Amino acid sequence: MKRVWLAGEGKHELGGRLGVGAWQDGEPGVVEALLERVSETESWTVVGASKWASARKLQVGAGLPAKQRRRATSALQDDSRRIRGDGLNLRKIALEAQLRGADVLVFVRDQDGDADRQSAIDEARSVLAARMTMRVAGGLAVRDLDGWCLAFGGQRKSEMRKDAKSELAAQGVSSTVDRVERVVGSDLEQLPEDARSLRAWLDDVRDALA
């Protein structure tokens, strides 16, 4: 059974996993709904989640023995200078996920038109792949998760939409539940060809869960 840690922007991505402990309500967000769609087996379980913005304040391994925390972080110290921007948040989240016993970290981060965000994430993933036994899978949503939700509905040019949220609202999609229902009802084999970041994300996560 693979132990999966999730990371995303907020409620729409993480659903009830966004809470802590007893505050988690178990309702899936878009990421978990996608895992259920792409996985060909049931040999995985979600063990925790991290909100992307909270990574800046994350005290990695809080509550765990200091020796365990040092051992987990020391392997990445030599390469830390290569990690920048959003890559630093990914590194923190990955370390926390590994310390909590995860086998796979699945993340999604909005690209938001930031041209440097992809290279920062790629650099961090390269370092993490070389230094960690845990698998890191996922990537950036171009331009954002709401653009992906348009693509789930079959809409082309979803990665070019600057106001996808308003377009979704006009289609009756406003809540996390609405977004999850769109994922569940979509035909992943018939996604628009130009939804490139979504297709790449699905392939990467599918391979990680295989």
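I started with Leu188, which sits in the loop between α8 (176-185) and α9. Helices (H or I, at least four residues) and strands (E, at least two) are DSSP runs, numbered from the N terminus. The model is predicted, so I kept to its limits: local features need pLDDT of at least 70, side-chain atom pairs count only at pLDDT 80 or more, and totals for chains, interfaces and linings use all residues. Residues are numbered from 1 along each chain as its sequence is written, and side-chain values use heavy atoms, with hydrogens and water left out.

Is Leu188 buried or exposed? Leu188 counts as buried because its relative accessibility is 11%; buried means under 20% relative accessible area, exposed over 50%, partly exposed in between (1.4 Å probe, protein chains only). I then listed its contacts (heavy atoms within 4.5 Å). Beyond neighbours within four places in sequence, Leu188 touches Arg37, Val38, Phe152 and Leu202. From Leu188 to Leu34 I noted 9.7 Å, C-alpha to C-alpha, across 154 residues of sequence.

Next, the cores. A nonpolar core is a set of buried Ala, Val, Leu, Ile, Met, Phe, Trp, Tyr and Cys residues joined through side-chain atoms within 4.5 Å. The largest has 37 residues, and Leu6, Val106, Phe152 and Trp201 touch the most other members. A second, separate core of 21 residues includes Ala94, Leu105, Leu128 and Val136.

Last, I checked the lining of the second largest pocket. Its residues include Gln118, Arg125, Arg196 and Trp201. α5 (117-131), β4 (135-141) and α9 (196-209) each give two or more residues to that lining. For the pocket itself I used a 1 Å grid over the protein atoms alone: an open set of points where a 1.4 Å probe fits, with protein on both sides within 12 Å along at least five of seven lines, and lining residues having an atom within 4 Å of a point.
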